[in-house]
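Here is a short briefing for a first look at this structure. Keep the sequence and the 3D view open while you read.

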Amino acid sequence: MREAVNKVEALQRPKTQDISLEDVERGVATATRALTRLAHADGHICFELEADATIPSEYILFHQFRATTPRPGLEAKIGNYLRRTQGKHGGWALVHDGPFDISASVKAYFALKMIGDDIEAPHMRRAREAILSRGGAANANVFTRFMLALYGEVPWTAVPVMPVEVMFLPKWFPFHLDKVSYWARCVMVPLFVLQAAKPRALNPRGIGVQELFVTPPEHVRSWPGSPHATWPWTPIFGGIDKVLQKVENFFPKRPRLRAKEKAVAWVSERLNGEDGLGAIFPAMVNSVLMYEVMGYPADHPQIRIACEAIEKLVVEKDHEAYVQPCVSPVWDTALASHALLEAGGAEAERQARDGLDWLKPRQVLDIVGDWAAAKPNVRPGGWAFQYANAHYPDLDDTAVVVMAMNRAMRQHGLVADMPDYSTSIARAREWVEGLQSKDGGWAAFDADNNHMYLNHIPFSDHGALLDPPTADVTARVVSMLSQLGETRETSQALDRGVAYLLKEQEKDGSWYGRWGMNFIYGTWSVLCALNAAGIDPDSPEIRRAVAWLISIQNPDGGWGEDASSYKIDPAFEPGYSTASQTAWALLALMAVGAADEPAVTRGINYLARTQGGDGFWNEERYTATGFPRVFYLRYHGYSKFFPLWAMARYRNLKKSNSRQVAYGM
């Protein structure tokens, strides 16, 4: 950790002090104009969503598995992207300038070799040496080994057995689909069929990567397990897997066929048109391969539409291309609306209303999703993250949309052309309150999805099989309920949510952030919620959080946190200042009445100083989280609307006679 601190401090500028409101106003105006120009004609905003090298690499391998070819020039552009993102360590990282990751590196090397890169080219030789020096491809994670098994590069014993017959398991059984997260269900169900069928990639170019193994794969007897696994779960589940490896081939054929058909029916019900199964790339790919191993012809409508969903994730530029893990239009539009409403002015507020009008009909009102397994008596009423994902709306997006709609109505309730969002808000609130978990918290997609022992099965080496309640999502719901007028005295749900948040505070005063990086994100979320819920800003909990935020400010006035915070025992790790993380820290401090703190002035100075001529901020670093320790996200919109939001709020509070933030975010 000391090394990380030294690295950051060495590159930071001296502390800065004052800034005029005129300078802030100019920055707000420039950023506001720039953001409104990016809106689509129908009002919505959608920015690129970038992950690591894994997704574009898998896209190349997906096409070669099926012996299909991407559109002309695309492979070459993806190759350019992969070569550019190769790290100094020779491999590929999960975040910008991050440490070597063996799974991402194996896939990127395989994809580049598939594209046609000479394995003796300097970049390929460096990658190969980096992989071999760390034990070779045998040390890759389960999903990478599954891909290698499909290509015949490793035996199927390299992959934990997940029999397709689990489709028949009763709900009381220790493993059941309802007991894992939405993303796990969508990825696993078609994967069950593939593992039962064990197809072999067509691979017309005949490319393999045996040179990435230290020990020939057929001689490997001990494959990596879960780094987070603990006794007694590791030996218990490991023993179960050994038994399944020996008996799987003897499972009766007729029940196995029925299980496959049940899995196909499950996928087909949730196929989600051109937005794809679960609206996430891995599930989309698995669904296509599942249909094909079940004998569906390439021109079958379900295969065609699933393939179209995959192609819609491609981001192609002049010289590079990559593939997004999913798209984020609802999230981007809702958050941008908040920033624009904070910025104010006729044009910004009109754009915010246009965005909210676009969001309104996308509320899921008629499809009862998988969340109903835990809460069968709750009516649907949420928003999904993507353009369409009706079986899987999420509580975070829903709460953010509701708060934006409510704020727009409160700010402009007397405007003649102001839409009435009251019905949408009421239905969303009903759904959100209905999905509160037993511990008082809220999760992203489900309720009480906290069967923690399942994170120790061999298949879950990523440790993200579940969707338990988290402080950041709970905070968003507490903010929403409070902004809608509830108090701890009038709402049992709100009272339990606040109690959950206070219980989850870390010893240093921060809160863990599941969906954003990390403790800065979590602390921002919770401090906004506690302010909205009426918690005294002089309470010990809030004072400790404020002291912690000020203590981790970088010398240049910004805030930054490294992805290494998500270690097995999570703890804050300092990072280079970023615009989005600085904005979160500022919004958090201002939410609890600290707008006059010198740290806030320095933070606003940092944002004003680093704003680009285009009105935005340059942010290459990843500040969001898919799955801690294994998958991170770079929202290209975060550096466009969060800093604007923070600067506008600072201006508004400084011009006001009050330092009280009146909204949930």
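**A salt bridge to start with**

The side chains of Asp-354 and Arg-350 meet in a salt bridge, 2.3 Å from N to O. A salt bridge here is a side-chain nitrogen of Lys or Arg within 4 Å of a carboxyl oxygen of Asp or Glu. Asp-354 and Arg-350 are four residues apart in helix α14, so about one helical turn separates them. This is a predicted model: local features need pLDDT of at least 70, side-chain atom pairs count only at pLDDT 80 or more, and totals for chains, interfaces and linings use all residues. Residues are numbered from 1 along each chain as its sequence is written, and side-chain values use heavy atoms, with hydrogens and water left out.

**Exposure of the first pair**

- Asp-354 counts as partly exposed, at 25% relative accessibility.
- Arg-350 also counts as partly exposed, at 32% relative accessibility.
- Buried means under 20% relative accessible area, exposed over 50%, and partly exposed in between (1.4 Å probe, protein chains only).

**Other salt bridges**

- The whole structure holds 39 salt bridges.
- Arg-66 pairs with Glu-292 in a salt bridge, with the closest N and O atoms 2.7 Å apart.
- Arg-66 lies in helix α3 (residues 54–66) and Glu-292 in helix α11 (residues 281–293), so the pair ties together parts that are 226 residues apart in sequence.
- Arg-66 counts as buried at 13% relative accessibility, while Glu-292 counts as partly exposed at 24%.
- Asp-370 forms a salt bridge with Arg-270, the closest N and O atoms being 3.0 Å apart.
- Asp-370 lies in the loop between α14 (346–359) and α15 (395–411), and Arg-270 in the loop between α10 (253–269) and α11, so this pair ties together parts that are 100 residues apart in sequence.
- Asp-370 and Arg-270 are both buried.
- A network of salt bridges links Arg-185, Glu-269, Arg-270, Asp-370 and Asp-446.

**Aromatic rings**

- The structure holds 32 aromatic pairs.
- The ring centres of Tyr-291 and Tyr-296 are 4.9 Å apart and the planes stand at 45 degrees, so the pair is tilted.
- Rings of Phe, Tyr and Trp (its six-membered ring) pair if their centres lie within 6.5 Å; planes under 30 degrees apart count as stacked, over 60 as edge-to-face and the rest as tilted.
- Tyr-291 is buried at 0% relative accessibility, whereas Tyr-296 is partly exposed at 24%.
- Trp-358 and Tyr-387 have ring centres 6.0 Å apart and planes at 85 degrees, so the pair is edge-to-face.
- Trp-358 lies in helix α14 and Tyr-387 in the loop between α14 and α15, so the pair ties together parts that are 29 residues apart in sequence.
- Trp-358 is buried, with a relative accessible area of 5%, but Tyr-387 is partly exposed at 33%.
- One aromatic cluster includes Phe-47, Phe-385, Tyr-521 and Trp-524.

**The chain as a whole**

- The chain has 23 helices and nine strands. Helices (H or I, at least four residues) and strands (E, at least two) are DSSP runs, numbered from the N terminus.
- Of the 665 residues of the chain, 62% count as buried.
- The C-alpha trace spans about 75 × 55 × 50 Å along its principal axes.
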